[in-house]
Amino acid sequence: MQALLTPDRERFTLIWRAVWIACLWPLLDMVLSGMRDALGANPIEAITRGTGDWTLRLLLLTLAITPLRQLTGLHWLVRLRRMLGLYAFFYGSLHLMTYLWLDQFFDWVAIVDDIIERPFITLGFAAFVLMLPLAVTSTNAMMRSMGGRNWQRLHRAVYLVAVLGVTHYWWLVKKDITEPAIYAGVLGLLFALRLWHALRRTRRLAVQADADANGARRVSA
Amino acid sequence: MLIRHPDDIAPSEITPRALFDGRRDFLRHAGLGVGAALLYGALPGDAHAGYGNPSLGPLQKSPFSTDEKLNDYKDITNYCNFYEFGTDKTDPARYAQRMKTRPWTVSIEGLVHKPKTLAIEDVLKLAPLEERIYRLRCVEAWSMVIPWVGMPLSALLKQVEPLGSAKYVEFTTLADAKTMPGVNSRVLDWPYVEGLRLDEAMHPLTLIAVGLYGEVLPNQNGAPMRLVVPWKYGFKSAKSIVRIRFTDKEPVSSWTAAAPREYGFYSNVNPEVDHPRWSQARERRLGEFGKRKTLMFNGYGDQVASLYTGMDLKKNY
């Protein structure tokens with residue numbers, strides 16, 4: 001139990017590596033399937049969907065770290081968060097590259113048209129652009145030079161990225177919204193957990209302040 | 001020197017018929033295991049073995065056929081939009097085997113002199129079967145080239161002698177919740193309904209398809225009989241049809257009912273009229289790497305453009 005709550009250095013390295021490989025697995029799986037001609041009749045669509053799905057999943061997983069930590073007390077989870085976020089960015093980049101290269105063949109006129117005219121592409125593109133500064137400032141050095149408070153303020157944009165990403169998916173499906181609705185549901189739950197946690201904290205603080213004030217009064221009396 | 005023409009060497013002279021017919025069993029029973037499996041995959045002459053459905057016999061060629069490269073049978077039968085079986089492209093191939101296509105009847109009714117209910121066997125006898133190699137353009141901006149087998153829809157429609165007041169034809173397709181898992185979800189209003197103007201329905205390009213690649217149509221592609229309207233987006237080509245009704249009012253198709261701004265009654269393939277959410281200017285031909293330009297009326301303009309003379313196709317999308 002103690003090993004799980006506070007894994008030693010060695011054990012944490014093991015966990016870290018396992019997560020690293022697990023996050024790479026979807027890509028490997030797609031590449032291997034592609035080589036075996038097992039991506040179905042429309043491989044480019046399969047790659048576009050696969051990379052998009054994993055961007056969303058990893059984004060939600062990144063956002064799930066804090067609530068999970070609060071619920072379980074597994075504080076080391078936060079040390080996996082940067083990797084998950086960067087993987088989300090990695091799959092997002094692959095997703096964008098698939099669109100630019102395999103889908104549009106760098107036809108910039110058509111691409112700009114798409115970004116301006118197709119709301120779901122506008123949102124997807126905005127989400128990617130918003131992920132860029134987060135990825136760039138993800139290093140320890142950047143965190144130090146920005147200062148914790150500013151860094152945190154900037155990185156709150158990840159919420160917006162997730163909302164844009166899920167809406168991007170919602171707006172592109174033809175009719176069956178089951179899957180985007182699942183992503184939206186998970187995102188909603190994560191927001192609810194944060195809100196609940198924040199409310200509890202303010203209440204606790206208020207009670208604390210109250211108690212302090214009472215204590216102070218008693219002392220002064 | 002006498003060179004024997006290959007035509008007069010009957011297969012029976014080379015291999016005893018029973019052995020030839022049972023060649024797969026023979027190999028299997030010979031206990032050759034993996035070796036046999038490898039071998040019979042490579043046996044010559046398998047080109048006639050087909051894809052597993054009964055052959056539809058000799059077929060007439062059609063001048064309407066394109067000579068473009070055909071899409072593989074595997075792709076045509078594993079990448080389908082047939083929401084009655086689920087919204088994933090592979091759902092129809094997975095679940096459609098449960099659908100019963102025999103016995104099957106289609107009732108032809110409405111504004112006609114002689115309403116009729118025809119069994120699929122009778123439909124097959126109405127006209128000689130033809131092979132029609134058509135392009136199919138999906139509204140999702142992908143396309144295929146498919147060797148359908150069928151007959152002009154007009155052969156079927158003439159049976160009931162439409163009244164002068166009939167202006168449209170409405171197609172209703174099977175919605176059997178017991179065999180079609182997608183019908184339990186409310187993604188569209190079931191049963192699926194499509195419609196054509198009478199002149200579109202009577203057009204010689206408009207096909208009732210009963211086969212694919214020379215064989216009986218696989219269930220996931222709309223067995224036992226489906227519509228194929230090659231100059232319109234794929235969803236207009238209703239599958240597994242059970243009722244055809246002549247009307248004087250424009251039918252409301254299922255997709256129009258679901259999203260009127262996105263799917264109009266005509267839904268002609270048109271590179272200049274975009275879907276509100278994506279461009280229709282280009283398409284991905286399955287099996288090709290790059291995209292190709294989408295053609296007006298999917299390349300059938302010479303045959304069908306005159307149907308729409310004077311119409312604003314942006315308004316009548």
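Let's start with a cysteine. A:C23 has a relative accessibility of 7%, so it counts as buried, the limit being under 20%. On chain B, B:C138 is at 5%, and therefore counts as buried too. How many disulfides are there over all chains? The count is zero. Keep in mind that this is a predicted model.

Now chain A. Its secondary structure is ten helices and zero strands. Read along the sequence, the pattern is α-α-α-α-α-α-α-α-α-α. The chain has 221 residues, and 36% of them are buried. Take the contacts in chain A with a separation of 6 or more. Of these, 68% are between residues 24 or more positions apart.

One residue to look at here is A:D114. You'll find A:D114 in helix α5, residues 108-117 of chain A. Is A:D114 buried or exposed? The relative accessibility is 8%, so A:D114 counts as buried. What does A:D114 touch, leaving out residues up to four places away in sequence? The partners are A:Y99, A:Q104 and A:I121.

Next, the second largest pocket. The volume is about 1,100 Å³. There are 32 lining residues, and those closest to the centre are A:T66, A:R81, A:W151, A:H155 and A:V158. Which elements give two or more residues to this lining? In chain A they are α3 (43-72), α4 (81-103), α6 (119-136), α8 (148-155), α9 (157-172) and α10 (178-220). The largest share comes from α4(A), with seven residues. By class, the lining of this second largest pocket has 16 nonpolar, nine polar and seven charged residues.

On to the interface. Chain B puts 27 residues into the contact, and chain A puts in 18. The area buried between the two chains is about 1,900 Å². Carbon and sulfur atoms give 48% of that area. Which residues of chain B lose the most area to chain A? They are B:R277, B:R284 and B:F289, together 30% of what the chain B side buries.

Stay with chain B and look at B:L188. This leucine sits in the loop between β5 (168-173) and β6 (193-197). B:L188 counts as buried because its relative accessibility is 4%. Leaving out residues up to four places away in sequence, B:L188 touches B:Y83, B:S254, B:W255 and B:A258, and also A:K175. Look at B:W255 in particular. B:L188 and B:W255 are 67 residues apart along the chain, yet their C-alpha atoms are separated by 7.5 Å.

Now the cavities. The structure holds two of 30 Å³ or more. The classes for the largest cavity are 15 nonpolar, five polar and four charged.

The second largest cavity has a volume of about 30 Å³. Its lining is B:R135, B:L136, B:R137, B:V228, B:V229, B:P230, B:K232, B:G234 and B:S237. Which strand gives the most to this lining? Strand β3 of chain B, residues 130-137, with three residues. By class, the lining of the second largest cavity has four nonpolar, two polar and three charged residues.

Last, the backbone. Most residues other than glycine have a negative phi, and most peptide bonds are trans. Here are the exceptions I'd like you to check.

First, peptide bonds. The one joining B:R102 and B:P103 is cis, with omega about -10°. B:P103 lies in the loop between α6 (91-95) and β1 (105-110) of chain B. The bond from B:A223 to B:P224 is also cis, with omega near -5°. B:P224 lies in the loop between β8 (215-216) and β9 (226-228) of chain B.

Then phi. B:A141 is not a glycine, but its phi is positive, about 75°. B:A141 is in the loop between β3 and β4 of chain B. At 14% relative accessibility, this alanine counts as buried. B:Y213 also has a positive phi, near 50°. B:Y213 is in the loop between β7 (207-212) and β8 of chain B. How exposed is B:Y213? The relative accessible area is 21%, so B:Y213 is partly exposed.

Technical notes. Residues numbered from 1 in each chain as written. Chains lettered and ligands numbered in written order. Predicted model: local features only at pLDDT ≥ 70, side-chain atom pairs only at ≥ 80, totals over all residues. Heavy atoms only, no water. Helix = DSSP H or I, 4+ residues; strand = E, 2+ residues; numbered from the N terminus. Buried < 20%, exposed > 50% of the residue type's maximum accessible area, 1.4 Å probe, protein only. Contact = heavy atoms within 4.5 Å. Disulfide = S-S within 2.5 Å. 1 Å grid on protein atoms, 1.4 Å probe; cavity = no way out; pocket = protein on both sides within 12 Å on 5 of 7 lines; lining within 4 Å. Points joined across faces, edges and corners; volume = space filled by probe spheres on them. Nonpolar A, V, L, I, M, F, W, Y, C, P; charged D, E, K, R; others polar. Buried area = accessible area lost by both parts, 1.4 Å probe.
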